[in-house]
Amino acid sequence: MMNLGVGIAVFVAFFAALIVCLEAGRRAGRKAFSSDRAHPSGLGTVEAVTFGLLGLMLAFTFSGAAERLDRRRGQIVDEANAIGTAWLRLDVLPANTQPQLREAVRRYTDSRIAVYRTFAESGVDAARAEYARSSALQLEVWTQAVAACRDVPSATVVVLPALNEMFDIATTRLAATQMHPPGIVYVVLALISLVCGFLVGYEMGGTEVASRSHMIVLVFVLSFTFYVILDFEYPRLGFIRIDDFDNLLVQVRASMG
């Protein structure tokens, strides 16, 4: 699990590794170009294929991470709508059964808000404990709703599907937090980036004086892009956040009184 400190550490480590590869490539290039041996043939083809592959992987990984971020935002909206709908449909139940059930829904909504707030503040273990509490509250809400619907059979098709949707989106959101590319994807992306750094350094070895500023720019761009991809994947732990969307649930809870 990545947090802000881990993300910055990854950025710094990747930045340093790219600098090392660039410098190693530059020294290898200077040695090769200064010798009487013929310049290796086919190097341009190798560079084209490697850089093309790097660009392709960056594009797909970046777009996939951004898509998953947007999906998680949409799921927060869906949950807020589902809870709000379920709350309104409790009106069709007998008046004497509503107070206790509404209080259970309030506590469930509080727990759902706390799950992700706790995740960002206290870590995954605390969030799991809060999620277990919300799951227990689901059973409590469902049991009370089923009992209330016995007095008004027509309410069954109105209230129970809404509650079921409210519970389902919680599971969907939990699954979304665990949907990330396999770790090997990031390993391959990092290795290809390092190879590209070496190849760029090798080409710079053919010049009299290597441009340090260009080297730094290239290293920074690649490292920052790699970091942003990771930040997209864990939007509650880095600089990219989706906490503002949680306010939708807070607003729904406030409307419950």
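Trainee: At what angle do helix α4 and helix α5 pack?

Mentor: This is a predicted model. Helix α4 covers residues 124–149 and helix α5 covers residues 156–176. Their axes lie 10 Å apart, and the packing angle is about 170°.

Trainee: Is α4 roughly parallel or roughly antiparallel to α5?

Mentor: The angle between the two is about 170°. Angles over 145 degrees count as roughly antiparallel. Therefore α4 is, relative to α5, roughly antiparallel.

Trainee: How many charged residues are in the contact of α4 with α5?

Mentor: On the α4 side the contact includes Tyr 131, Val 141 and Trp 142. On the α5 side it includes Leu 160, Leu 163 and Phe 167. By class there are twelve nonpolar and four polar residues, and the number of charged ones is no charged.

Trainee: How many nonpolar residues are in the contact of α6 with α7?

Mentor: Helix α6 (residues 183–204) packs with helix α7 (residues 212–233) at about 170°, with axes 11 Å apart. Among the residues that meet are Leu 189 and Val 200 in α6, and Phe 226 and Ile 229 in α7. The contact has one polar and one charged residue, and its nonpolar residues number ten.

Trainee: Which residues of α8 meet α3?

Mentor: Helix α3 (residues 98–122) and helix α8 (residues 243–255) pack at about 160°, with axes 10 Å apart. That angle makes α3 roughly antiparallel to α8. From α3 the contact takes in residues including Arg 106, Asp 110 and Arg 117; from α8 come Asp 246, Leu 249, Val 250 and Arg 253.

Trainee: How many charged residues are in that contact of α3 with α8?

Mentor: Among the residues that meet are Asp 110 in α3 and Arg 253 in α8, and Asp and Arg count as charged. The contact has four nonpolar residues and one polar, and the charged ones number five.

Trainee: On which residue is the kink in α3 centred?

Mentor: Helix α3 has 25 residues and reaches 34 Å from its first C-alpha to its last, close to the 36 Å expected. The helix still has a kink of about 25°.

Trainee: Which residue just after α3 takes a positive phi?

Mentor: Helix α3 covers residues 98–122. Just after it, a phi of about 105° is found at Gly 123.

Note on methods
Residues are numbered from 1 along each chain as its sequence is written. This is a predicted model: local features need pLDDT of at least 70, side-chain atom pairs count only at pLDDT 80 or more; totals for chains, interfaces and linings use all residues. Side-chain values use heavy atoms; hydrogens and water are left out. Axes are lines fitted to C-alpha atoms, for helices over the stretch in contact, and angles run from 0 to 180 degrees between N-to-C directions. Helices (H or I, at least four residues) and strands (E, at least two) are DSSP runs, numbered from the N terminus. Angles under 35 degrees count as roughly parallel, over 145 as roughly antiparallel, 65 to 115 as roughly perpendicular and the rest as oblique. Contact means heavy atoms within 4.5 Å. The expected span of a helix is 1.5 Å times one less than its number of residues. The bend at a residue is the angle between axes fitted to the seven residues ending there and the seven starting there.
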